[in-house]
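I open this notebook to log what I looked up in the structure. Entries follow in the order I made them.

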Amino acid sequence: MIRLEGLYKSFGAKEVLRGLDLEIGKGESRVVIGGSGSGKSVILKHIIGILRPDKGKVFINDADITVLRDRELYEIRKKFGMLFQMAALFDSMNVWENVGFALTRHRKMKLSDIREIAIEKLKMVGLVGVENLMPSELSGGMKKRVGLARAIAHEPEILLYDEPTTGLDPITADAINELIVEMRERLSVTSVAITHDMNSAYKIADRISMLYEGKIIETGTPEEIRDTGNPVVRQFITGSAVGPIKVEGVSNEKHFNRA
Amino acid sequence: MTKLIENLGRTIISFTAELGRIIMLLLETIKQTFIPPYEIRNTFVQMLEIGIRSLPVVLVTAVFTGMVFALQTYTGFKRFGAESVVGTVVALSMTRELGPVLTGLIVAGRAGAAMAAELGTMRVTEQIDALETLATNPVKYLIVPRFISGLTMLPAVTIVADIIGIIGGYVVTVGIFHTSSVVYWKRTWDFLEASDIYNGLIKACFFGGSIALVSCYRGFYTSGGAEGVGKATTGAVVLSSMTILISDYFLSNWLFR
Ligand SMILES: Nc1ncnc2c1ncn2[C@@H]1O[C@H](COP(=O)(O)OP(=O)(O)O)[C@@H](O)[C@H]1O
Ligand SMILES: [Mg+2]
């Protein structure tokens, strides 16, 4: 369904992806974990073709999208829905116009019908009576829900989640996790989520892959990951500052000078 | 000395690269303009934004510019007895020069800043990426309407500025200095040619397109969070004002010689 082969991507002198391979099956829910700034969002943006790799291929249903023309790429994108880290709602539009955006653009439908569908999708993500509010009037958790409703409005086959729980309180975060699981069960979509929140990863993943230094260093079921022998993965999932992963700008050796 | 040449070289290279990217964006904008579906609603919104919302400031500027121009020419030209040509001077300066340039600078400050800030905010909050994921080309959706509005509305506002400026000149010359109303209008019309007006509007058209393109460019390629948006906004105003003032000379040289 989704296959990334030997992906390389640099921004200026900064190498973010260095020969990354990743394969995700139809109907699977995959979570990619990795540290902040390790390139998780960059992976998602390659899958949906917002970024083009310096080298390597991105297959969606066996078609390499890195060689497509713009117009063909926009057609492929209609198969996708993406939830952004900060929701990325259009702040010039109210909630239902946001949710109905793809329908307004790509289907010849009456606005009143689009509004109906938007309200129905909002209900699916647990929001009622918010359709006429502006994004600035919503809390962080509500924005994510609206973002999710917008991502599913055109009935995509593939859902991408960029840090769905980051910046939310634990209870709201769990509600979002529940929603993600529910989306997969009800809509039978393929999904890729990236996160550094292990609670969320264990809850929503069929399989988890760890991104480290521009490559996937391990893939396994949540149980396999929990019992991993790989010291890098161990350090990450237990959230320890001590181990092989270097925290940028922080030395592991501390020197205390006592007078 | 080598340092100086090195820096100069680097500046020239980065300037050329930036100019190249702006031209690429222009070509993409023109291409997207002609691909259906057309962004009629968005274009209309932007036309209101650039045209109608800029009008009050442009009107105030134009009327006072016309007035001060009449005041200065009248008192100056009186020294050699040429005060009867005030009408001509005001009309020619407004239509050829001050109408388009002042309108351009005001729109650069208002609408250009707004475009850069809006697109910049959309970039750093990933709204532009969101457009892409919703299978919508952001150049087509965001930049084409602004570019077309700049191209069409700046000349429209300039016509109003020309007229108001000439009326401002009239008020001072006739109302305050008590010269003949008939002479003012006669001098205005006798020497004003249609080419003065439409060449001025060609300039305005060019300025409008430049403001929109440069400001959208700055906003569209913003990076670095809220600070980046601030930089993009001031950068857009400075760059479009410079473009107006510099290109004005060359356009005038080409159109009015
Ligand atoms: N469009 C871009 N231009 C320049 N650098 C980028 C861009 N996108 C990402 N980066 C850089 O790539 C690295 C990985 O970014 P990202 O994928 O957003 O990290 P994360 O894993 O936190 O999602 C960061 O250092 C970031 O600065
Ligand atoms: Mg990220």
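**Entry 1: the interface**

How much area is buried between chain B and chain A, and what share of it do carbon and sulfur atoms give? I found about 1,800 Å² buried between the two chains, with 55% of that from carbon and sulfur atoms. Buried area here is the accessible area (1.4 Å probe) that two parts lose on being put together, summed over both.

A note on the basis: this is a predicted model, local features need pLDDT of at least 70, side-chain atom pairs count only at pLDDT 80 or more, and totals for chains, interfaces and linings use all residues. Residues are numbered from 1 along each chain as its sequence is written, chains are lettered from A and ligands numbered from 1 in the order in which they are written, and side-chain values use heavy atoms, with hydrogens and water left out.

I then listed contacts (heavy atoms within 4.5 Å). Chain B puts 17 residues in contact with 23 residues of chain A.

**Entry 2: salt bridges**

I searched for salt bridges, meaning a side-chain nitrogen of Lys or Arg within 4 Å of a carboxyl oxygen of Asp or Glu. The whole structure has 30 of them over all chains. The interface of chain B and chain A holds 4 salt bridges. I looked up Asp129(B), whose side chain meets that of Lys45(A) at 3.2 Å, N to O.

I also checked a pair in chain A. Glu28(A) and Arg207(A) form a salt bridge at 3.3 Å, N to O. This pair links distant parts of the chain, 179 residues apart: Glu28(A) lies in the loop between strand S2 (14-24) and strand S3 (29-33), and Arg207(A) in strand S9 (residues 207-212).

**Entry 3: the fold of chain B**

I counted elements as DSSP runs, numbered from the N terminus: helices (H or I, at least four residues) and strands (E, at least two). Chain B has 8 helices and 0 strands. Its C-alpha atoms fill a box of roughly 65 × 55 × 30 Å along the principal axes.

For axes I took lines fitted to C-alpha atoms, for helices over the stretch in contact, with angles from 0 to 180 degrees between N-to-C directions. Angles under 35 degrees count as roughly parallel, over 145 as roughly antiparallel, 65 to 115 as roughly perpendicular and the rest as oblique.

H5(B) (residues 138-176) packs on H7(B) (residues 194-220) at about 150 degrees, with the axes 7 Å apart. The two helices are therefore roughly antiparallel. Their crossing is right-handed. A crossing is left-handed if the near helix is turned anticlockwise from the far one by less than a right angle, and right-handed if clockwise. The contact includes Phe147(B), Gly150(B) and Leu154(B) of H5(B), and Gly208(B), Gly209(B) and Ala212(B) of H7(B). I sorted the residues by class and got 17 nonpolar, 4 polar and 1 charged. Ala, Val, Leu, Ile, Met, Phe, Trp, Tyr, Cys and Pro count as nonpolar, Asp, Glu, Lys and Arg as charged, and the others, Gly among them, as polar.

How do the axes of H1(B) and H7(B) cross? H1(B) (residues 2-33) comes within 10 Å of H7(B), axis to axis, at roughly 110 degrees. The pair is therefore roughly perpendicular. Glu18(B) and Arg21(B) of H1(B) are among the contact residues, as are Tyr217(B) and Arg218(B) of H7(B). The classes here are 5 nonpolar, no polar and 3 charged.

**Entry 4: backbone**

Most residues other than glycine have a negative phi, and most peptide bonds are trans. I logged the peptide bond from Pro36(B) to Pro37(B) as cis, omega near 0 degrees. Pro37(B) sits in the loop between H1 and H2 of chain B. Glu126(B), not a glycine, has a positive phi of about 65 degrees. Glu126(B) lies in the loop between H3 and H4 (127-133) of chain B.
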